[in-house]
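Please keep the sequence and the model in view while reading.

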Amino acid sequence: KQIHILNGPNLNLLGEREGSIYGHVTLADIEQNCREECARLGYELVFAQTNHEGELVELIQKAGKSAAGIIINPAAYTHTSVAIHDAIRAINIPVVEVHLSNIFARESFRHHSYVSPVALGTICGFGPAGYILALGALTSPIPE
Ligand code: DQA
């Protein structure tokens, strides 16, 4: 039983990038927390980050073949990528969208997400805790 957590462009810079918005926790810290939470929940974690849109598409396709679910922070591609929207549509496992910041409290170009309409749900504005909340959302049974 695997959960794949996929992170998009510039998230490799967490901890040094725009600290007032994104805080000082690094992506390695987030990975570590998620690893512990997955172990507790009885899932294996695959954690990835890429700055490339096509690679994110490939990671989604690959996860679609083997994982129980995906947690994705598509970063800036959230607001631009029909390819990521289509990749999520093409798979049959639940996808939870996560953003560290509250995208609706920021510039208007961040208010639209190509991913939200094809996600099970979206968690934004809770910083790194959003990933842990997403793990809870993915692994708790959702009533029909
Ligand atoms: C982000 C929000 C996006 O608008 C932005 O482009 C990011 C990070 C977030 O986690 O808050 O790179 O996805």
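**Strands, helices and the ligand shell**

His4 has Ile70 in E3 as its bridge partner. This is a predicted model, in which local features need pLDDT of at least 70, side-chain atom pairs count only at pLDDT 80 or more, and totals for chains, interfaces and linings use all residues. Residues are numbered from 1 along each chain as its sequence is written.

Strands (E, at least two residues) and helices (H or I, at least four) are DSSP runs numbered from the N terminus. Strand E1 (residues 2–7) is largely enclosed by the rest of the structure, because five of its six residues are buried (20 or more other C-beta atoms within 10 Å of the residue's own, with C-beta atoms placed from the backbone). E1 runs parallel to strand E3 (residues 69–73), joined by five bridges; strands pair if DSSP finds at least two bridges between them. With strand E2 (residues 44–49), E1 pairs in the parallel sense over six bridges, and Leu6 stands opposite Ala48 in E2.

Helices H3 (residues 53–66) and H4 (residues 82–89) pack at an angle of about 5°, their axes 9 Å apart (lines fitted to C-alpha atoms over the stretch in contact, with angles from 0 to 180 degrees between N-to-C directions). H3 is therefore roughly parallel to H4, a term for angles under 35 degrees.

Around the ligand lie Asn10, Asn73, Ala75, Ala76, Thr78, His99, Leu100, Ser101, Ile103 and Arg110, with C-beta atoms, placed from the backbone, within 6 Å of it.

Notes
Parallel < 35°, antiparallel > 145°, perpendicular 65-115°, else oblique. Buried ≥ 20, exposed ≤ 12 C-beta atoms within 10 Å, placed from the backbone.
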